[in-house]
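Biologist: I would like to learn how to read a model like this one. Please take me through it feature by feature.

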Amino acid sequence: MGRKEVILLKFEELKTLVEKCRICEEKFGFEPHPVFWGNENSKIVQISQAPSSTVHKVLKPFSDASGKILKYEWYQISDEEFYDTNNFFIGAMAHCYPGKDKNGNDKIPPKCCFDKWVKEEVKAVNNEIYVIIGAKASKAFFGDVSFEELVFNDQIINGKKAYVLPHPSPLNRKWIKDHPLFLEKRIKEVRNAVKKCINAR
Ligand code: SF4
């Protein structure tokens, strides 16, 4: 069996297992809805925090207010390009919406999902670049390096170039306002890298 067939088998096996996974049902108090988007040759592996309550219902990642900012303002690409699984593997620290805490905020994604599934998926995709979104996801990949340092400099994961973005949630406006160079300069570099990948091959 060749290398590509091994990757394919591993990826498809993981996808099936994740889609059936209900490990966190008791912890959540409702049936988990794992969101899985991508294929074994997606050019860009994007990892963010966790699906929102909107995504929990429609099972389509970034089909919410954060997605509008990410797709149309930051990447400046169409839905067709974003949801083409040859372009993007759209993952997160957890595949399921984790529910709300007592303050009405989304709960922190269950760590077991990253350890059990996401680490394996990241290894199984034959991608070109990574985009890591938000402080929680970047901490999982880069440890305690300052978030500003990560956002404003190119990074490396598995020997490939990686970019770190702040979360595009409208709730994150303060960070964007406090770091004007992000919209003035950095996002243009990330956008160019994303578009170059999409338009390659
Ligand atoms: S969050 Fe991950 S580990 Fe928990 S039920 Fe969903 S897929 Fe399974």
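Biologist: Is glutamate 148 buried, exposed or partly exposed, and why?

Modeller: Keep in mind that this is a predicted model. To judge exposure, count the other C-beta atoms within 10 Å: 20 or more means buried, 12 or fewer means exposed, and anything in between is partly exposed. Glutamate 148 has 15 such atoms, so this residue is partly exposed. Its place is in helix H8, residues 147–151.

Biologist: Now take lysine 10. Is that residue buried or partly exposed, and why?

Modeller: The count is 16 other C-beta atoms within 10 Å, so lysine 10 is partly exposed. This lysine belongs to helix H1, residues 3–20. Valine 55 is 45 residues apart from lysine 10 in sequence, and the two are 26 Å apart in space, C-alpha to C-alpha.

Biologist: On to the sheet. Which strands pair with S3, and in which sense, parallel or antiparallel?

Modeller: Look for the bridges, then the direction. Strand S1 (residues 44–48) pairs with S3 in the parallel sense over four bridges. Glutamine 46 has valine 131 of S3 as its bridge partner. S3 also pairs with strand S5 (residues 160–165), again parallel, over four bridges. There, isoleucine 133 stands opposite leucine 165 in S5.

Biologist: Is S3 mostly covered or mostly open?

Modeller: S3, residues 129–133, is mostly covered, with four of its five residues buried.

Biologist: How do S4 and S5 run, parallel or antiparallel?

Modeller: Strand S4 (residues 155–157) and S5 run antiparallel, joined by three bridges. Glutamine 155 has alanine 162 in S5 as its bridge partner. The two strands form a hairpin with two residues between them. In the turn, asparagine 158 has a positive phi of about 50°.

Biologist: Next, a helix. Which residues of H4 are buried?

Modeller: In H4 (residues 65–75), the buried residues are Ser66, Gly67, Leu70, Trp74 and Tyr75. They cover an arc of only 110° around the axis, so they are on the same side of H4. Helix H10 (180–199) is included in what covers them. After H4 comes glutamine 76, with a positive phi near 55°.

Biologist: What should I expect of nonpolar side chains in general?

Modeller: In soluble globular proteins, they tend to be buried together. Here the largest nonpolar core has 43 residues. Those with the most contacts inside this core are Ile47, Met93, Ala94, Val131 and Ile132. H6 supplies the largest share of the core, five residues.

Biologist: What is alanine 94 in contact with, leaving aside its neighbours within four places in sequence?

Modeller: Alanine 94 is then in contact with Ala50, Pro109, Pro110, Cys113 and Phe114.

Biologist: Last, the ligand. Which residues come nearest?

Modeller: There are 15 residues around the ligand, and Cys21, Cys24, Pro32, Cys96 and Cys113 come nearest. By class, the shell has twelve nonpolar, one polar and two charged residues.

Biologist: Which helix gives the most to that shell?

Modeller: Helix H6, residues 111–124, gives the most, with four residues.

Conventions:
Residues numbered from 1 in each chain as written. Predicted model: local features only at pLDDT ≥ 70, side-chain atom pairs only at ≥ 80, totals over all residues. Near = placed C-beta within 6 Å. Nonpolar A, V, L, I, M, F, W, Y, C, P; charged D, E, K, R; others polar. Core = buried A, V, L, I, M, F, W, Y, C linked by C-beta atoms within 7 Å. Contact = placed C-beta atoms within 7 Å. Pairing = 2+ DSSP bridges. Arc of directions from axis to C-beta.
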